[in-house]
Every structure is written in C-alpha cells, then in structure tokens.
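Hi,

Here is the structure I promised to pass on.

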Amino acid sequence: MSNQELPKKPIPLRVIFILNALMMILPFVFYYVFTTQDITVGNLKPITMIYTGIAYILSFAVLVYFILKRNINGCRAIFIVNVLIAIPAGAYIGIVIAIISMLLTFFNDKVKAYFGVA
C-alpha cells in the first residue's frame, strides 16, 4: 500500500496519543504538589513519582515509534508496560489510561483500520 492509500490518523488514535502524553506529565505535577504541600500517601516516597514520570516518557517515545510504524501489537505491549510502570507508584490514573488505550486498539474500527487490522 502506498502512502496515498493509507488511512489518516483517526480521532480515537489522537485520543490515545493525548492521554499517553498527559500520562508523562502527571507524575511530575503530583511530585510538585506532594512535596510543596507536604502530602504523604502511605509509605510512597516522592522520588517514586519522578521515576514513574521518566519511565512514562521512555514508553511514550516507543509508543510514538510503534504508531509511526503502524505496529498495533507494539502499541498494545506498551500499554501493558504502562500498567506495570504504574503499579509501584500506585498510579491508578495511569492504569486507567492504559486500559482505555488498550480497549481502543481492540474495539475501535477506525484505530484498527489505521493499523491495517480491520
């Protein structure tokens, strides 16, 4: 298939992209709020949020690579990795975003068509 025949990026894929980009920023926002307001959550150390943010940045870079290469299974693998990244920090927002992203790759016909699996 030539580039002219390939479908354009659908809105649900853009939603996946934006949600995962947001996921890179949130740990640093939480770190700032927790450290400036002296908030503690259980025995979670604030530095864990920094490590989580760095891991999300790396996973986002790989996600962009898989989107550009139109590799849906690679994207799904990244969403699983994102869940694993979120667990030590108790980042439930990250887990929800990863699940939403995964569901969109399985059940949205426009996303599947973009990756050529529809």
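**The salt bridge and its helix**

K112 and D109 sit three residues apart in helix α5 (residues 109-115), so about one helical turn separates them. Their side chains meet in a salt bridge, at 3.9 Å from N to O. With a cut-off of 4 Å for such a pair, the 3.9 Å contact of K112 and D109 counts. As background, side chains of opposite charge can pair when their charged atoms come close. D109 is exposed, with a relative accessible area of 54%. Before you go further, please keep in mind that this is a predicted model.

**The core**

Which residues touch the most other members of the largest nonpolar core? That core has 22 residues, and the ones in question are L13, Y56, L63, I67, C75, F79 and F115. The elements that give two or more residues to it are α1, α2, α3, α4 and α5. The most comes from α3, which gives six residues.

Leaving aside neighbours within four places in sequence, F79 is in contact with I16, N20, L63, A98, S101, M102 and T105.

**Two helices, end to end**

α3 (72-89) has 18 residues and reaches 27 Å from its first C-alpha to its last, close to the 26 Å expected at 1.5 Å a residue. Its buried residues are I72, G74, C75, R76, I78, F79, N82, I85, A86 and A89. Note that R76 and N82 are on that list. The buried residues of α3 pack against α1, α2, α4 and α5.

α2 (46-68) has 23 residues, which should span 33 Å at 1.5 Å a residue; the end C-alpha atoms of α2 are 34 Å apart, so the two values agree. Buried in α2 are M49, I50, T52, G53, Y56, S59, F60, L63, F66 and I67. Those buried residues of α2 pack against α1, α3, α4 and α5.

Is I97 buried or exposed? I97 is buried, because its relative accessible area is 6% and the cut-off for buried is under 20%. I97 lies in helix α4 (residues 92-107). Not counting residues up to four places away in sequence, I97 touches L19, N20 and M23.

I97 and V83 are 14 residues apart in sequence, with 8.9 Å between their C-alpha atoms. V83 is in helix α3 and counts as partly exposed, at 24% relative accessibility. The C-alpha atoms of V83 and I93 are separated by 9.9 Å, and these two residues are ten apart along the chain. With residues up to four places away in sequence again set aside, V83 touches I95 and A98. A98 also turns up among the contacts of F79.

**Loops and backbone angles**

Two residues deserve a look if you are checking phi values. Where does D38 lie? D38 is in the loop between α1 and α2, and its phi is near 55°, a positive value in a residue other than glycine. D38 counts as exposed, because its relative accessibility is 66% and the cut-off for exposed is over 50%.

The other is R70, which has a positive phi of about 55° although it is not a glycine. R70 follows α2 and lies in the loop between α2 and α3. R70 is partly exposed, with a relative accessible area of 23%.

Last item: I25, V29, Y32, V33, I39 and V41 make a nonpolar surface patch of about 500 Å². One of them, I39, is in the loop between α1 (11-36) and α2. I39 is partly exposed, with a relative accessible area of 35%; residues need over 30% to be taken into a patch, so I39 at 35% qualifies on that count.

Cheers

Conventions. Residues numbered from 1 in each chain as written. Predicted model: local features only at pLDDT ≥ 70, side-chain atom pairs only at ≥ 80, totals over all residues. Heavy atoms only, no water. Patch = residues over 30% accessible without salt bridge, like charges linked within 9 Å, V, L, I, M, F, W, Y side chains within 5 Å. Areas by Shrake-Rupley, 256 points an atom, 1.4 Å probe, with all protein chains shown as cover. Helix = DSSP H or I, 4+ residues; strand = E, 2+ residues; numbered from the N terminus. Buried < 20%, exposed > 50% of the residue type's maximum accessible area, 1.4 Å probe, protein only. Contact = heavy atoms within 4.5 Å. Core = buried A, V, L, I, M, F, W, Y, C linked by side-chain atoms within 4.5 Å. Expected span 1.5 Å × (residues − 1).
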